[in-house]
Amino acid sequence: MSKTSLSKNYLQERLARLFAEKISSGIWLPESRIPSIRQLAVEYKVSTASVAGAVKILQQKNLLSVRPNSGYFVTLPDLWQDDMLTEQTVADPLFERGDQVEFVLHFLFHLDSVLGTEFVKFYTSIICLMQEEAEAVNWQLRIGNAANIREIIANADGEYTRGVIYMPDQVNAMDLQWPELKFPKVLFSIGEKSLHSNYVTPDNYQGGCLAAEYMSQCSLRQIIVRGRSQQEHYLGERPYRERLQGYIDYCKLNDLPEPEVVELENLQALSRVFDPALQLPETERPGVVFLGDYFMIKQVETVFNELYPQQVFGQDVRILVFMDYQDHYSKNYVSIGFSKRQMCREVVALVRRVAQHPRETPIRVKIPMFLRSSENQGVD
């Protein structure tokens, strides 16, 4: 092989390692489109052929996939292959007879709390994604009502049940009184509602840092709005405190002015925030951050439109919100969210890990959050 060929192969492999690091570090998120080959060639000052070779290497490793007329997208490596081979080679009388064992994964949530169009959309998307992840490891996903937890567990076959996933909500108990299990349990927690269990949840602290980074580039001054009552669901939960702490810590570490935190008795008091802001020239208006979720921000937008019918919410004042449950791509405001697909994948991975290393429990997995707007649609 010539020196030119060796040099070319080395460059492609080096680029492939650099791109793989972007995936493993979360800079390139699962299901997101990476920059084009031409853009990467310009960024790394190499030929498009070298970038194309590196991308091909990552395709072969199942880290990237191509979508016709769309570009290259981040996938995830087959995390389950080694575990599946181990499971299938363990001596089992059913395998000896040539039968196929179907392992079961139980997914429990409170059916009575799935109310409203937006909640239905959210739960439906989660169930579909969980089904895909279960099928990827040849497991059968069984959906159940968490209200019937004891009955479900009592009838579960411990030998072939791989685990139980429980998705708490804001109405029911934060953590169930679990019976003794022969298999692992994992909480699928948007709100990190239990500190005594294995769980997967969005990294709200990192989300607060991300919000601060974006808003500091857009406005010289920021206002964070929070409710005064500790009983309000969008304040009392731990995620919202972590979002605020991440925001403040980012400002301190980067020598930026700390945000002004405004506590409101009710949403009608929003005029205390927006009246003085709208009186300033547009370039001097502060950015406004809401730590609450989609349902809270819908109420905020409604009140804003009533108070300021001549203004456009998110346009006349720069606004950033957190979107726990619902995606949006057509709003004027920017939001911080997380990949539901990646979250479901990590939930299944955690069930496996807990089963193999029970003494390491509880195990907590934080899913990176990301910025999304009408221009940057992010991932689901």
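Which residues in α8 meet which residues in α10? The views below take up that question, starting with the whole chain.

**View 1. The whole predicted model.** This is a predicted model in which local features need pLDDT of at least 70 and side-chain atom pairs count only at pLDDT 80 or more, while totals for chains, interfaces and linings use all residues. Residues are numbered from 1 along each chain as its sequence is written, and side-chain values use heavy atoms, with hydrogens and water left out. The protein has 13 helices and 14 strands (DSSP runs numbered from the N terminus: H or I of at least four residues for helices, E of at least two for strands). Of its 380 residues, 50% count as buried (under 20% relative accessible area with a 1.4 Å probe, protein chains only).

**View 2. Helix α8 on its own.** The 15 residues of α8, residues 204–218, should span 21 Å at 1.5 Å a residue, and the end C-alpha atoms are 21 Å apart, which agrees (the expected span is 1.5 Å times one less than the number of residues). Buried residues in α8 include Gly207, Leu210 and Tyr214.

**View 3. Where α8 crosses α10.** The axes of α8 and α10 (residues 238–253) come within 7 Å and cross at roughly 45° (axes are lines fitted to C-alpha atoms, for helices over the stretch in contact, with angles from 0 to 180 degrees between N-to-C directions).

**View 4. The residues that meet.** Here is the answer to the opening question: Asn204, Tyr205, Gly208, Cys209, Ala211, Ala212, Glu213, Met215 and Ser216 in α8 meet Pro239, Glu242, Arg243, Gln245, Gly246, Tyr247, Asp249, Tyr250 and Cys251 in α10, with contact meaning heavy atoms within 4.5 Å. Across the protein, 69% of contacts between residues at least 6 apart in sequence join residues at least 24 apart.
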